Each structure stands twice: as structure tokens, then as C-alpha cells.
Amino acid sequence: MHACAPTSQLEIGTWTDTAFAEHGAVFCCATRALAQVQLRPCTGSRCRLHAAHTGELETFLHRAAGYFDLAGIEAHCLTETPCPETSSYLMAAHAVALTGALACLANRFLTPHQLASIAHRILCEEMGQPCGVQRFMAAALGGISLYDISPFPRTFPIPLDLPDEVLTQLEQRTLIISTGREVKHSLYQRVQERSRTGERGAREALWELRALPRQAADALRMRNLAALGGVMNEHARQQRQLCPEIDTPEVQYIRTVAQRHSALGSTVNSLGSHITVLCDDTTARISLSSALRAGGFSVTTFDLDHYGLRVWVHEPGEEPLAHPSAA
């Protein structure tokens with residue numbers, strides 16, 4: 001059994017899709033940095049995971065297999081991402097892919113939305129790993145969507161039906177840059193503490209972050225990439241207002257280089273692991289990419305995924321997925 005799921009990028013409205021925010025909205029795009037999974041029955045009752053990074057993912061496999069009353073599962077995971085060392089960045093996509101494959105093995109016919117909800121619930125409630133819900137929905141549904149969360153974790157996706165011309169321009173003018181670090185848990189805890197204690201400026205920033213996703217969606221509907229860049233910049237400003245720790249030296253450097261190359265906008269994801277930059281044109285994108293690579297950063301193009309979670313049966317005798325840990 002095979003499954004793959006895309007990862008989320010260009011996230012506007014981060015931290016409003018969490019339990020402490022209670023309600024919110026997120027705009028995001030599913031991209032073809034895919035999390036791939038292959039499942040095989042194995043002897044015994046123990047589940048085994050083969051991947052470059054295990055940790056939370058291995059625990060998730062055991063919990064998800066138990067949810068579907070399955071045992072004796074061997075799972076191979078492969079990552080297609082410019083930054084495979086940041087495992088938390090891919091956790092949602094891997095969790096959704098594993099959940100979809102396990103559901104098929106158990107002959108459970110569930111919608112992608114239901115599978116995303118199950119994966120999020122296992123990780124957030126059963127494993128005690130607090131996290132937002134939109135990445136799971138993007139991995140399951142794909143495409144570009146506005147997600148309304150009210151109340152958490154109930155999520156209502158609003159897919160954006162955009163013309164090919166807009167999608168092509170967005171892909172050709174956008175870059176994803178890895179910061180080389182991930183500070184997921186400390187950032188989440190800081191934001192949660194400040195929002196719950198009513199620290200000055202925190203609740204105001206959350207309110208502003210809730211409004212920005214709809215502005216991003218409207219900008220794309222109007223085919224106005226300059227306006228989208230402005231929303232990205234405002235989103236980054238509100239992120240810094242709510243959590244100054246997200247503005248790491250790597251983030252500051254990438255933002256400065258992007259501004260020198262006439263970028264329309266940039267924003268960092270809630271993990272602090274990646275920055276999405278929207279360039280003025282394809283020439284600016286090429287020059288920015290060269291400059292950042294020369295500075296030692298991992299840069300990848302922005303390729304949209306319009307399919308979301310895919311699950312299929314592998315052929316008899318097919319070899320397991322090759323992954324970095326096998327090297």
C-alpha cells in the first residue's frame with residue numbers, strides 16, 4: 001500500500017489554527033514537497049518504521065495502527081523536501097499519508113477531511129503534541145485554500161478556484177528557503193503563554209493574523225500579486241509582534257537579501273524552518289535564488305500540488321521505498 005501527501009507553504013494566519021487561539025483562519029498552499037509512505041504487512045504484532053527520522057513519527061504509526069485495529073505493519077517513509085533534517089516540518093504530511101494508507105488496509109472508507117482530522121487528533125490529543133490543524137488539512141486536500149477554524153479543531157475549507165494564469169505566475173515568482181533550523185515547540189509555547197496571559201500586544205496581533213488570510217485569498221482572486229506580497233509582509237510583522245523569537249538571524253538575513261532583490265513580500269512559517277518569498281518577476285527570482293545559494297541556504301521552487309492525499313495499492317514484489325537511512 002502506497003500513499004503520499006503534500007506539505008503546506010505560504011501560510012498566512014499561523015497560530016490562529018490552535019487550541020489556545022480557539023478560532024481563526026489560515027490561507028495556505030499545498031506544495032509538491034511530498035511525504036511518501038509504503039506499508040506492508042509483516043509477521044508478529046509489532047509495527048516497524050523505516051525512515052531517516054523516527055521519534056514522533058514512529059509513535060504515531062503505533063497509535064494510528066491501533067486506531068484502525070491493525071497490527072504487524074512495516075512502514076517505509078520517504079521525504080521529498082529541500083530540508084529533510086527538519087522532521088517536524090513534515091510531520092503533518094507523513095501523519096496524513098500514514099493515516100490514509102492504514103485506513104485502506106483496514107477497509108475503512110473515509111474522506112480526506114476525516115483522515116486529516118483523525119491524524120491531527122492522534123498527534124495532538126493522544127500523543128500530547130500541541131499543533132495547528134491547517135497543515136493536516138492541506139496535506140489531505142491539496143490545492144490553495146482558505147481554512148476557517150471555528151471553534152478549534154473544527155475546520156471548514158474554502159478552496160480557491162483560480163485561473164491557470166495566476167497559478168503559473170505564483171509558481172514562477174515564488175521561492176521556498178530553508179532557514180536551516182526549526183524552533184517549533186519553543187515558538188508554540190511562547191505564543192500560547194503570551195496569548196493566554198493577555199501580554200500586551202499579543203491578543204491584538206492574533207486578531208490581525210485572523211484577518212490576513214482572507215486578504216491573501218482576495219488578492220489572488222483579484223490576480224494582484226503585489227497585494228499578496230503586501231499581505232505577506234504584514235503577516236511577518238504581526239508574527240514578530242506576537243513572537244519576536246521567530247525573527248532569527250537566519251530569517252533576518254534572508255529577508256534582507258530578498259529586499260535587495262526587489263521581493264514583493266516574504267513570510268516565515270510557524271516552525272521557523274522555512275521562508276516563502278514572492279519575487280517581482282522570474283528574473284528577480286533567479287537572481288535571489290543564486291544569491292541565497294551562494295550564502296549557503298537551501299532554496300527550492302514553489303510547485304503547487306492540486307491533488308492532496310493519494311493512496312494506491314503497490315504491485316506484488318515491488319521494492320520498498322528507498323530512504324536516506326538505508327544509505
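Predicted model: local features only at pLDDT ≥ 70, side-chain atom pairs only at ≥ 80, totals over all residues.

Reply:
**Rings, strands and a helix**

Residues are numbered from 1 along each chain as its sequence is written, and side-chain values use heavy atoms, with hydrogens and water left out.

Searching the whole structure gives three aromatic pairs (rings of Phe, Tyr and Trp, the last by its six-membered ring, with centres within 6.5 Å; planes under 30 degrees apart are stacked, over 60 edge-to-face, the rest tilted). One of them joins Phe-20 and Tyr-188, whose planes stand at 80° with centres 5.3 Å apart, so this pair is edge-to-face. Phe-20 lies in the loop between strand 1 (2-12) and strand 2 (24-41), and Tyr-188 in helix 6 (residues 184-197), so the pair links parts of the chain 168 residues apart. Helices (H or I, at least four residues) and strands (E, at least two) are DSSP runs, numbered from the N terminus. Both partners are buried, Phe-20 at 7% relative accessibility and Tyr-188 at 9%; buried means under 20% relative accessible area, exposed over 50%, and partly exposed in between (1.4 Å probe, protein chains only). Tyr-67 and Phe-68 form another edge-to-face pair, with 5.0 Å between centres and 80° between planes. Here Tyr-67 is partly exposed at 29%, whereas Phe-68 is buried at 4%.

Next come the strands. Strand 4 (residues 73-79) has six of its seven residues buried, so the rest of the structure largely encloses it. Strand 2 pairs with strand 4 in the antiparallel sense over seven bridges (two strands pair if DSSP finds at least two bridges between them), and Val-37 stands opposite Cys-77 of strand 4. Strand 3 (residues 48-50) runs parallel to strand 4, joined to it by three bridges; Leu-49 has Ala-75 as its bridge partner there.

Elsewhere, four strands make an open sheet in the order 8-9-7-10, with antiparallel pairing. Strand 8 (265-268) and strand 10 (298-301) are its edges, each pairing on one side only. From one strand to the next, the twist averages 20°; such angles run from 0 to 180 degrees between N-to-C directions of axes fitted to C-alpha atoms, for helices over the stretch in contact. Five bridges join strand 7 (residues 174-178) to strand 9 (residues 274-278), with Ser-178 partnered by His-274 in strand 9. Helix 9 packs on this sheet, touching strand 7, strand 8 and strand 9, and its direction makes about 10° with that of strand 9. Contact here means heavy atoms within 4.5 Å.

Arg-255 belongs to helix 9 (residues 249-260) and is buried, at 15% relative accessible area. Leaving aside residues up to four places away in sequence, Arg-255 touches Ala-236, Arg-240, Asp-247 and Ser-266. With Asp-247 its side chain also makes a polar contact of 2.8 Å, that is, a pair of N or O atoms within 3.5 Å; within protein, one must be able to donate a hydrogen and the other to accept it, and residues adjacent in sequence count only if both atoms are side-chain atoms.
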